[in-house]
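Hi there,

Here is the structure I promised to pass on.

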Amino acid sequence: MTDIQKRLFKLKDEEYAAFQSKLTPGIDSSLFIGVRTPDIRALAKELYRSGEYKSFLNSLAHKYFDENQLHSLLLSQIRDFDECLGYVEAFLPYIDNWATCDQLSPKPFKKEPERLLPHIDKWIKSKHTYTVRFGVLCLMRYFLDDKFDIKYTERVCKIKSDEYYINMMLAWYLATALAKQYDSIIPIFEAKQLDKWVHNKSIQKASESYRVPDEHKAYLKTLKIR
């Protein structure tokens with residue numbers, strides 16, 4: 001084993017590994033070490049401070065789920081936008097599950113989201129499931145509040161896929177958009193512009209959200225496609 005793998009195995013929790021495996025279908029259960037997120041985050045901080053992180057980030061592809069989680073959390077430590085973006089672009093093709101994808105939340109991206117836009121446009125057109133998911137996730141994180149523009153939502157609505165984890169991300173994005181930008185987003189549902197599954201799942205998720213007022217939930221339910 002590599003040094004990083006040895007350090008991860010010292011933190012293993014077999015019950016937690018079984019739990020993570022159930023939440024992340026499609027990955028062999030033997031690839032879960034079972035390291036809890038606070039422990040992985042602490043290791044990420046340690047590696048970043050010591051400078052050891054670069055050799056690990058350049059050692060793709062990783063074997064274990066927990067290594068990919070560590071990779072995501074390490075990327076969140078990097079402060080320089082260009083350095084971080086380079087590592088993110090190198091890592092995206094190797095992401096093979098929703099948990100690692102959604103864990104990836106680099107700090108520089110939040111500070112300068114506009115610089116991401118040309119990259120997001122490329123990501124959402126990718127043939128790789130989790131690259132597309134990450135692109136939509138970035139639009140949800142950074143462009144549904146003060147930087148909102150309906151053109152970004154229109155780009156999301158053009159994504160058509162048979163992949164479950166892309167469609168779930170589309171529904172998550174649209175449900176969040178309904179909570180934050182209802183007046184701009186509701187015409188999309190009134191016009192039934194989306195695929196039936198995404199349309200109905202978005203309404204379901206919005207109806208389950210505490211951020212959506214009851215009167216909006218009631219109206220959304222009348223827009224379900226039967």
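Below is what turned up on helix packing and salt bridges.

This is a predicted model, where local features need pLDDT of at least 70, side-chain atom pairs count only at pLDDT 80 or more, and totals for chains, interfaces and linings use all residues. Residues are numbered from 1 along each chain as its sequence is written, and side-chain values use heavy atoms, with hydrogens and water left out.

Helices here are DSSP runs (H or I, at least four residues), numbered from the N terminus. The axes of H10 (residues 129–142) and H12 (residues 164–180) come within 9 Å and cross at roughly 5°; axes are lines fitted to C-alpha atoms over the stretch in contact, with angles from 0 to 180 degrees between N-to-C directions. That makes H10 roughly parallel to H12 (under 35 degrees). Residues in contact (heavy atoms within 4.5 Å) include Tyr130 and Leu137 in H10, and Trp172 and Tyr173 in H12.

The whole structure has 13 salt bridges (a side-chain nitrogen of Lys or Arg within 4 Å of a carboxyl oxygen of Asp or Glu). One of them joins Lys122 and Glu89 at 3.0 Å, N to O. Lys122 lies in H9 and Glu89 in H6, so this pair ties together parts 33 residues apart in sequence. Lys180 and Asp145 also pair, at 3.1 Å, N to O; Lys180 is in H12, while Asp145 sits in the loop between H10 and H11 (150–157), 35 residues apart. Finally, Asp3, Arg7, Glu46 and Glu52 are linked in a network of salt bridges.

Best wishes

Conventions: Helices (H or I, at least four residues) and strands (E, at least two) are DSSP runs, numbered from the N terminus. Angles under 35 degrees count as roughly parallel, over 145 as roughly antiparallel, 65 to 115 as roughly perpendicular and the rest as oblique.
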